[in-house]
Amino acid sequence: MDKKIYGLMAEFDTPTELVDAARQVRDAGYKKTDAFSPFPLHEIDEALGIRRSILPFLVFGGGVVGLLAGLGLQWFVHVWDYPLIVGGRPHFSLPAFIPPAYELTILFAAFVAVFGMLFLNGLPQPYHPVFNVERFALATREKFFLLIEAKDEIYDYEETRKFMESLNPQEVFDVEE
Amino acid sequence: MVAGFDERNPELKRAMEDIKEIQRKIYPPMVEGEHTFATVTDKISDVTLKRKTPFHWFIGFGIAFIIAQVLLFTIMYLVTTGIGIWGNNQPVGWAFDIINFVWWIGIGHAGTLISAILLLLNQKWRTSINRFAEAMTLFAVACAGMFPLLHTGRPWLAYWMLPYPNTMGMWQNYRSPLMWDVFAVSTYATVSALFWYVGLIPDLATLRDRAKNPYFRFIYAALSWGWRGSARHWHRYEIAYLLLAGISTPLVLSVHSIVSFDFSVSQVPGWHATIFPPYFVAGAIFAGFAMVLILCIPLRHWYRMKDFITHTHLVYMGKVMLATGLIVCYGYAMELFFGWYSAAQYEVFMIKNRIWEGPYWWSYWLLILCNGMSIQLLWFKRFRESEFWLFLISIVVSIGMWLERFVIIVTSLHRDFLPSSWAMYSPTMFDWSMFLGTLGFFFTLIYLFVRFLPIISIFEVRTLLPDANVHGHHQDFEEMVNEVEIEHIDKDKGKVS
């Protein structure tokens, strides 16, 4: 073979078949696996052994930073840099400072949620070997795909291919690097 | 299903059909017709990719675009001349600019309600209307933002509202509700845009994979950031989406609350009331649902989307409109009560002046007619289930909600504490052209959106199909019924033998 193989990919028609196959792949001991579906499948997380993301903690952190930034900004402006009495209120008038701090909490948390998700997912990633499989274009339409990477410890081209074919897929593809 | 079972026990068969009928009534299907993942994908993405742009699109877009030029002209004249071309002057210093600002931003709220709050409440019917409702939010906020910006008189200095270190040593006053507004509206616009865009990423990937034209393919590929539907990506995606919904919910409630603070924090009779935040939020959702109905009723006809935006969707939206409309009516009643109960002569005068003694009495009664009376029709199935009536009531409600802001702002300001400063307010031609222009701008953006992006969230509609369930894990209703049936057969057999 001239071309380097990134992994093997099996195509399925229904989510049930994909989840069943993913479970067998996990039980067979494969670690470097991935599944592709046209919509989120909750069952696949358990079937592939995907651990819960740390994203919620990052978002919480973003929110806390936003809150502190909001309060800090207003403290800096009204207490430190240019103390001025407006409407007879104290320099640090917390009730009046809540709305901007609240909005900044949400703004920072939202930025972390979106860009944190993209960052953890490694996006943007214009090129990926899976796109080399022609049928993979259907992963965003109706088909379900299961991938075992060549990097996996127990990967062996012939063995793994035979194993994947035993999972009842529509077809098994070589994914070229 | 056990083979040959139906013939053996017709009573049970009928009972099962009854159960299914009841189930259909309680949980009506959100996708009608026979659909698979592929047909859903094709039907929605073909509007963007394959189907010839319909003739009515050019007509509609053309008209909206011409009206948008009116906005451009008005802004040009306004910026070169000054805000004196508008009718607002002392004592009515806030008029069309704030009326239209509040009206537009209120309309946006329904989009966030549909996308965030209904997601948290697990309302499946949000799925097929959230995409264009969110687009509506964005475009409405864009229209809203123009008014306060231009009302500053020197929009080129608008960045003075943002906190940045400058050589003038100038800072904003964070104790002012107007400053809160800057933060609320800009956060709202940003988060709505993020939410909308995140929802679009998987669908943009679908368009990328289906587009034939290499240029469009490239654009959609760039916009989808290389999305490939990996299980790990979906996992984080869903967490991010749910968290965004979670933080958008308090956001949307806070935005209109803060908008209402612009009024209620002041001392002006008719503005200084604690009912304002909830009353404004309910009004915003009320107006927003009216606009969603105005947009989706023609859309489902023109683009044959009746399978996804079903009759049930319209009925549900009608019900939300009725519920929020009644909250708004409660707000009107409370305004009167507060005026009377305060026993303050200025408040009592304001109420009398607003309702029958003042020159703007007609606007109050028109408002009650539009917002209070018209929605009562929605109690009746006949009106609630008729597209024509829903459309008509939505337009009436949109006018009513505009009048509400007119009543609150103009009737409160034009006769305040000092009779010597009383005056009348009337809008000029440029007040009207500015408002009309934003309508044109809004519909121009809507038309462009309908043409270039999927109007319904494709990947979320796929999850509504029965095929999307993974079997063997959680039972669906039909499987449960089948099991009950099998148990019954066993019992029957036991009796017989």
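Author: Buried means under 20% relative accessible area, exposed over 50%, and partly exposed in between (1.4 Å probe, protein chains only). This is a predicted model, where local features need pLDDT of at least 70 and side-chain atom pairs count only at pLDDT 80 or more, while totals for chains, interfaces and linings use all residues. Residues are numbered from 1 along each chain as its sequence is written, chains are lettered from A and ligands numbered from 1 in the order written, and side-chain values use heavy atoms, without hydrogens and water.

Reader: Which residues does the network of salt bridges join?

Author: A salt bridge here is a side-chain nitrogen of Lys or Arg within 4 Å of a carboxyl oxygen of Asp or Glu. R26(A) pairs with D27(A) at 3.4 Å, and E46(A) with R23(A) at 3.2 Å. Bridges with shared partners join D20(A), R23(A), R26(A), D27(A) and E46(A).

Reader: How many residues apart are E46(A) and R23(A)?

Author: E46(A) is partly exposed at 41%, whereas R23(A) is buried at 18%. E46(A) sits in helix α2 and R23(A) in helix α1 (helices being DSSP runs of H or I, at least four residues). The gap along chain A is 23 residues.

Reader: Which residues have the most contacts inside the largest nonpolar core?

Author: Such a core is a set of buried Ala, Val, Leu, Ile, Met, Phe, Trp, Tyr and Cys residues joined through side-chain atoms within 4.5 Å. This one has 197 residues, and the most contacts go to L146(A), W104(B) and F442(B).

Technical notes. Helices (H or I, at least four residues) and strands (E, at least two) are DSSP runs, numbered from the N terminus.
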